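This report is meant for someone meeting the structure for the first time. The sequence and the model come first, and the description follows them.

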Amino acid sequence: MKSYSVIFFLLIALMGIVFTILLQPAPDSISGNLHPIFPSMSQGGDASRHDGFLALGWLFGALQIILFVVCIWVSICGEKTHRWVVIVCGGAYLLIFTMLMISYRQGVIEAPFILGFPLPTTLLVFGMWPMAVVFSILYVVKFRSWVYSSHDQEAFENLKAEMNSKEGDYDA
Amino acid sequence: MTPNQITLGFVFGYMAICIAIGLWAWKRTTNTHDFFMASRNLGVVITGIALFSSIMSGFGFVGGPGLVYRMGMSSFWILVTTPIGWALAFFLVAKRIRILAELRNAISLPDIAAARYSSEKVRGLVSLAILCGVVAYLATQIKAMAFVLQEIFARNEMWGHESVMFCVAISSAVLVFYCVTGGIIASVYTDLFQGIIMMLVAVLIFFTAIGEIDGGIGGMTHLILADNAESAGPWGTLGMIGCLSWLLIFTLGVVGQPHVVTKMMMSRRVEDARLTLPITLGGYTLTALLWISIGLLMRALVVSGDHAELSRADDAAAQFLQHYAHPVLAGLVFAGLFAAIMSTADGFLNIGAAALVHDLPKALGFSAPRDELFWARIATVGLALLAAICALTSPSQLVGQLGAFGWGVFASALVPVIGFGLNWRGATKKAASAAIISSLLINGGFVVYQLMGFKIAYGIAGGAIALLVSTTLFVGLSLFSKPDPLPRDIEEVMKF
């Protein structure tokens, strides 16, 4: 129950942010303009298009990341040992996103090139992308304690046997 | 042999293999359980590959490189966030949906929804959402297939320019053939074959593309940055708010894709989910290499003046193949393109047929038809025809909107109802109905709004707004109302 109250709060906050953004007049080129030479592609203007939106943007992304982590949290059943690992991984995800925002604020042109991209983009590609691997490793490694324990399996087998004895009553 | 003949040979060879798989699966499809659920007997590898190839559609192979070409790094957000969505989908859905499928002998997602909420109304609404999304999405896939085939024919002297209708007919015929004969068994085994082709071509294309410019990916990014720094930044040209709306719709959205979560019901054992996730994730990540490399290369070449401007952004992949790929590789990629499109479309046809034949009659108070398998096959043909008519008669602007509508409807209707509903005992049937109705209304409203020539400010995805509203309604209504009584088996499953 408490977890879903948190989810509700997060959703309301996210809606609030979206509507706050939508109520403000959109600055020029905030979502790109046609490229002046090549009209089949767009251009993004300069970084000043995001002036005044960086804090809202960070909050929009950060609340989403918290929402995803809470969703994983509520799905974990059975033995709940070491659930703090989910919080740590979620914290790392949030930290990488925050570093992306900070490095973007410092400028894409000035940023060092690392692994083929300017730093803020590197953080997106080589920081945020691998977080999916981290959560997947958690799923694989903790499967038997968080997702489907031997106790769950036994309970499922018993339930199946009980349902089979009343076959027909429960068919979809 | 000319390069175009090689391409044509690969494509026809690919189609022949799909037809052969359809015939092979026909013998193994004797009832609706086989047709819709593959008898719940899929192994880890086949489920894992079928899952990722269901999501990496024609959009991924044609639209994806086109998006990078048009918007710079913006569409990286789709690639970066979808894998987190995979993890979420497995955490939230994989176990319980598989358990319920077995306990209730379910053959469709609406079966699961009806069992969870003890409500035929919810079954009907889930079926309606699936049908709306399926027709919309299928239309875009069929049009994509036709465009690819038309492009191949146009380059071949023997065939020349063929009409879109002819190309729709040929490509849909192959798709419908294996879907009708072999149902989901043919679908998942062609997905396996298609997924392997997609992974192979993506890796080959990646290395071909990075070899075209000195410095590889870094060289491409330098050229893009020199033209416009924001294009090479993390938000691309779409901007921060638009990209962050993609973070929402493409992370949570995966949880609500019915052609994906339905396949989670088909695995042999509940515990197979454990190893299925890494396979799915690995396959998706490998195929994403094609999206990134072609898009970056074509944008870099055009802005640096080394390649003529493309007439349309979606030509990025085709132009790359024509000018920079070895003919054999180009042939393989064109086959891969069909693979990507068909592997998504076949799943839609199957879940749409189940909604039409199995679920809507039940929701309306009728029993399922006596010869359900026969009618499922008829429904598959009917749905494909309807989607083909939509694809042929809709203006191209609408086809693009329909794809976004499909993903948006699935995400906003099914994330709360299935993703949260399977984990939360307190979720109510009234909340489920409200979420689905709001999802259909908001997504439909955005299609009309955009067809009237308006744009959602800041590049925010309409589906993200619909997802936020429907999920908030669902959670809020459930929190502030008395929980529905649940059947004992559902009550037990919610404790697992």
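## Chain A

The model is a predicted one, and its chain A contains seven helices and four strands. Read from the N terminus, the elements of chain A follow the order α-β-β-α-α-β-β-α-α-α-α. A compact globule of 172 residues would have a radius of gyration near 16 Å, whereas the value for chain A is 23 Å. Along the principal axes, the C-alpha atoms of chain A fill a box of roughly 70 × 35 × 35 Å.

Of the 172 residues in chain A, 52% count as buried. When contacts in chain A with a separation of 6 or more are considered, 61% of them are between residues 24 or more positions apart.

## Chain B

Chain B has 20 helices and zero strands. Its radius of gyration, 22 Å, agrees with that of a compact globule, because a globule with 496 residues would have a value near 23 Å. The C-alpha trace of chain B spans about 65 × 50 × 45 Å along its principal axes.

Buried residues make up 70% of the 496 residues in chain B, and 85% of its contacts between residues at least 6 apart in sequence join residues at least 24 apart. The charged side chains of chain B number 29 positive and 26 negative, with the centres of the two sets lying 13 Å apart.

| Chain | Accessible surface | Share from carbon and sulfur atoms | Buried residues |
|---|---|---|---|
| Chain A | about 8000 Å² | 66% | 52% of 172 residues |
| Chain B | about 14700 Å² | 66% | 70% of 496 residues |

## The nonpolar core

In soluble globular proteins, nonpolar side chains tend to be buried together. In this model the largest nonpolar core has 264 residues, and those with the most contacts inside it are B:W77 and B:W86. Which residues does B:W77 touch, when those up to four places away in sequence are not counted? On the side of chain A, B:W77 touches A:F97, A:L100, A:L124 and A:M128, and within chain B it touches B:P234, B:W235, B:C243, B:L244, B:W246 and B:L247.

## Residues in chain B

Helix α2 of chain B, residues 32-37, holds B:H33. This residue, B:H33, is counted as buried because its relative accessible area is 18%, which is under the 20% cut-off. Apart from neighbours within four places in sequence, B:H33 is in contact with B:A38, B:S39, B:R40, B:N105, B:A106 and B:I107.

One of those partners of B:H33 is B:R40, which lies in the loop between α2 and α3 (44-55) of chain B. B:R40 is also buried, since its relative accessible area is 14%. Most residues other than glycine have a negative phi. Even so, phi of B:R40 is near 45 degrees, a positive value in a residue other than glycine.

A positive phi of about 45 degrees is found at B:S118 as well, although B:S118 is not a glycine. B:S118 sits in the loop between α6 (109-117) and α7 (120-154) of chain B. Is B:S118 buried or partly exposed? With a relative accessibility of 38%, B:S118 counts as partly exposed, because that class covers values between 20% and 50%.

Helix α7 of chain B includes B:E120, which counts as partly exposed at 36% relative accessibility. Leaving aside neighbours within four places in sequence, B:E120 is in contact with B:A114, B:K362 and B:A363. From B:E120 to B:V176 there are 56 residues along the sequence, and their C-alpha atoms are 30 Å apart in space.

## A loop residue in chain A

Chain A has a loop between β2 (42-43) and α2 (54-75), and A:S48 is found there. A:S48 counts as partly exposed, because its relative accessibility is 43%. The C-alpha atoms of A:S48 and A:F126 are separated by 25 Å, and the two residues are 78 residues apart along the chain.

Key: Residues are numbered from 1 along each chain as its sequence is written. Chains are lettered from A and ligands numbered from 1 in the order in which they are written. This is a predicted model: local features need pLDDT of at least 70, side-chain atom pairs count only at pLDDT 80 or more; totals for chains, interfaces and linings use all residues. Side-chain values use heavy atoms; hydrogens and water are left out. Helices (H or I, at least four residues) and strands (E, at least two) are DSSP runs, numbered from the N terminus. The radius of gyration is taken over C-alpha atoms; the globule rule is 2.2 Å times the number of residues to the power 0.38. Buried means under 20% relative accessible area, exposed over 50%, partly exposed in between (1.4 Å probe, protein chains only). Contact means heavy atoms within 4.5 Å. Accessible areas come from the Shrake-Rupley method with a 1.4 Å probe; for residues, only the protein chains shown count as cover. A nonpolar core is a set of buried Ala, Val, Leu, Ile, Met, Phe, Trp, Tyr and Cys residues joined through side-chain atoms within 4.5 Å. Lys and Arg count as positive and Asp and Glu as negative; His and the chain ends are not counted. The place of a charge is taken as NZ of Lys, CZ of Arg, CG of Asp or CD of Glu.
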